[in-house]
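Here is a short report on one model. Start with the structure itself, then read on.

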Amino acid sequence: MYNKNMNAILTGIFVIIRIFSNSLSNVFQKKLTSKGEIPMCVNFINYLILAIFSLPLMLLTKNTELLSGFWTFALLGGICGALCNYFMVEALKFGELSVLGPINSYKAIVGLTFGMILLGEIPDMRALGGVLLIFTGSFFIFETINLIEIFKKKDIQFRFLALFFAAIEAIFIKKVILLSSVGVSFIASSILGAVFSFAILKLNRVEFKIPQKENFKYYLLTAICFGLMTYTTATVFKRIQVGYALSLFQLSVLVNVFLGWGIFKEKHLLKKLTGSVIIILGAIIIILS
């Protein structure tokens, strides 16, 4: 009983760290883009710092046995992770943190859709009720209820692309952990993320520029928070089912709304909080059903 309670407490601590580190990494990424840093460079430097940090850690995991299929899932996860973070930084450049944060709960609808298409899983009435709640809550978050107008906005488009790749990445992360360990998963995610984020930069023919000196601290803070988020996400996935973990991670929506209001002076706090709570309830109903 003692071990079970301790495991639950530790899992809860990891969830809390994950929630706040994710939100804070978004804050620092938005700070960087608002100071003129290029989103693709922000994405690459973020992963590069983590990759450099991960190299010494490889010595500690050299005896870890990698099971068949590891590299396939690690490569796919690296691609999805790099794309997810790139689109998220692009979204933060154009949009408000208190609006983009709640959209993360749409990840549950993405999972539901993939379940229908790939697995033939037909949602029950509870899941459909959750979808309805998410759409209802969205109308409190967005300035308009016109879906066409909403999806014309660049920040919304980029945020949904980030969400799409994040939902797929979660599956690959879980597979990588099952085939190796949390530590190996972190190292693979960091190094492969750096490789693929650099590829994104080159494919778009964006010239890499040395960051402005005054922005170095934000890059370091972004990497620390993103690294904590990556590690704690993998740790939570190791301890509990992905569906339950994703439902707990939705609490970062509220943190993002408060940070957007407190740091970036974004407006309509009460309205956005109301919408966020409705969206979170919808996402939890979908995931748990």
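## Basis

Helices (H or I, at least four residues) and strands (E, at least two) are DSSP runs, numbered from the N terminus. This is a predicted model: local features need pLDDT of at least 70, side-chain atom pairs count only at pLDDT 80 or more, and totals for chains, interfaces and linings use all residues. Residues are numbered from 1 along each chain as its sequence is written, and side-chain values use heavy atoms, with hydrogens and water left out.

## Two loop residues

Arginine 205 sits in the loop between helix H9 (182-203) and H10. Its phi is positive, about 55°, although it is not a glycine. Arginine 205 is exposed, at 79% relative accessibility (exposed means over 50% relative accessible area, buried under 20%, partly exposed in between; 1.4 Å probe, protein chains only).

Lysine 265 lies in the loop between helix H12 (252-263) and helix H13 (269-288). Its phi is also positive, near 60°. Lysine 265 is exposed, with a relative accessible area of 64%. Most residues other than glycine have a negative phi.

## A buried lysine

Lysine 30 belongs to helix H1. It is buried and has no salt bridge (a side-chain nitrogen of Lys or Arg within 4 Å of a carboxyl oxygen of Asp or Glu). Glutamate 266, the nearest side chain of opposite charge, is 4.8 Å away (Lys and Arg count as positive, Asp and Glu as negative; His and the chain ends are not counted). The lysine 30 side chain does reach the backbone oxygen of leucine 92, at 2.9 Å.

## Leucine 10

Helix H1 also holds leucine 10. Leucine 10 is partly exposed, at 34% relative accessible area.

Key:
Polar contact = N/O pair within 3.5 Å; in protein donor to acceptor, adjacent residues only side chain to side chain.
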